Amino acid sequence: MPRFSPTMVPATPVSIAQAAALVADGDVCAFPTETVYGLGADATQEAAVLRIYELKGRPRRNPLIVHVPDVAWAMRVCAAFPPLASRLAERHWPGPLSLVLPRGAHIPDIVSAGLPSVAVRVPAHPVALSLLRAARRPLAAPSANRSESVSPTTAEHVLRSLPGVPLILDGGPCPLGIESTVLDLTQPRPRLLRPGALPLRDLLSDVPDLELPSCHFDEVPGPLPSPGLLTRHYAPKATLHLVSNPEARFVAGLPSPTGLLTHAPLPQLDGLCDVVERLPATPEAYAVDLYAALHRLDDQGMRSIVVLAPPRNEDWRAIFDRLERAASKAA
Ligand code: TXA
Ligand code: MG
């Protein structure tokens, strides 16, 4: 018998308590974080975590991030918590930084796709924190969307992507709009696994010897050594073209309707695109609305989306990464 109807409810102390009871019972629920909406399950219950993979259609070799309410809980989830982790936690938690550390004994294999490590973070969203405190357990939570599709930044996005989720806590649009930065601390040299909502500039000032990925990898067999390495990811239904200098002839030749996503005026394309989404020209503000803009273009039935490529520099790295993956063709 369905316990909740409708599935999408405003986040209130009562609905948060219901969500906490649901996850304690081995079920899943979706909730807002400061980055994107997450699909959470008790990280210590193997069957509950399995539900996440099933609902998302996620490959079992792509590990999940464990969400905790504070550093003390993070230490319980990890088998070791080195001084650098403590320093970063103190500076950036709650916040959009996920730390990959040795996995604690009570976190089952399935959470980490069999890796000896676990990714952990304290989210900076009042609803996520209230849920974690009420649930009194760590929640494994990937973004609450079908695998490979655009991540959700509103409760409506979750509902459309994953209608089978029993409960979605609606906490409004996510304030940051792209996923957390993922940092591997299990090697002697800290390594950036995924650029994300914590600006690289901030991270580099804390971790000057940070190892940055130099290239993208294609699909690899076995558990993924680092995140987001399935090249196609974050992709809208339309074919996305990431172009530095979109010419009228190129755009006119694309299957229509055509959407344009741009952070600068492109007079040469005036009148050529059916829908224009203008995003702000600073990376943080661009990130806030990026996924929502892709969702809007998809909802309006675009067959092609032309994206003006952002500058290829450190400040835009996380956005460039998402756009590049969204543009890559399925294998
Ligand atoms: O902002 C976020 O991080 C959001 C919200 C919900 O917290 N979550 C999120 O989860 O983006 P997901 O599953 O979409 O991405 C998690 C990333 C994946 O790329 C995964 O490969 C990586 O983190 N990851 C998780 N555990 C890992 C581990 N033990 N070692 C290396 N990478 C790991
Ligand atoms: Mg995701």
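Please look at P94, which lies in the loop between α4 (83–92) and β5 (97–102); helices (H or I, at least four residues) and strands (E, at least two) are DSSP runs, numbered from the N terminus. W93 and P94 are joined by a cis peptide bond, with omega at about -10°. This is a predicted model, in which local features need pLDDT of at least 70 and side-chain atom pairs count only at pLDDT 80 or more, while totals for chains, interfaces and linings use all residues. Residues are numbered from 1 along each chain as its sequence is written, chains are lettered from A and ligands numbered from 1 in the order in which they are written, and side-chain values use heavy atoms, with hydrogens and water left out.

A cis peptide bond also joins S256 to P257, with omega at about 0°. P257 is found in the loop between α8 (248–252) and β12.

A113, not a glycine, has a positive phi of about 50°, and its place is in the loop between β5 and β6 (117–121). Is A113 buried or exposed? A113 is buried, at a relative accessible area of 14%; buried means under 20%, exposed over 50%, and partly exposed in between, with a 1.4 Å probe and protein chains only. E148, likewise not a glycine, has a positive phi of about 80° and sits in the loop between β7 (139–140) and α6 (155–161). At 34% relative accessibility, E148 is partly exposed. Most residues other than glycine have a negative phi, and most peptide bonds are trans.

Let me turn to the sheet. Four strands form an open, parallel sheet in the order β11-β14-β12-β13, where two strands pair if DSSP finds at least two bridges between them. Its edge strands, β11 (239–243) and β13 (275–278), each pair on one side only. Strand β12 (residues 258–262) pairs with β13 over four bridges, and G259 stands opposite V275 in β13.

Finally, the chain as a whole. It contains ten helices and 14 strands. Its radius of gyration, taken over C-alpha atoms, is 19 Å, close to the 20 Å that the globule rule (2.2 Å times the number of residues to the power 0.38) gives for 331 residues, so the chain is as compact as a globular protein of that length. Buried residues make up 56% of the 331.
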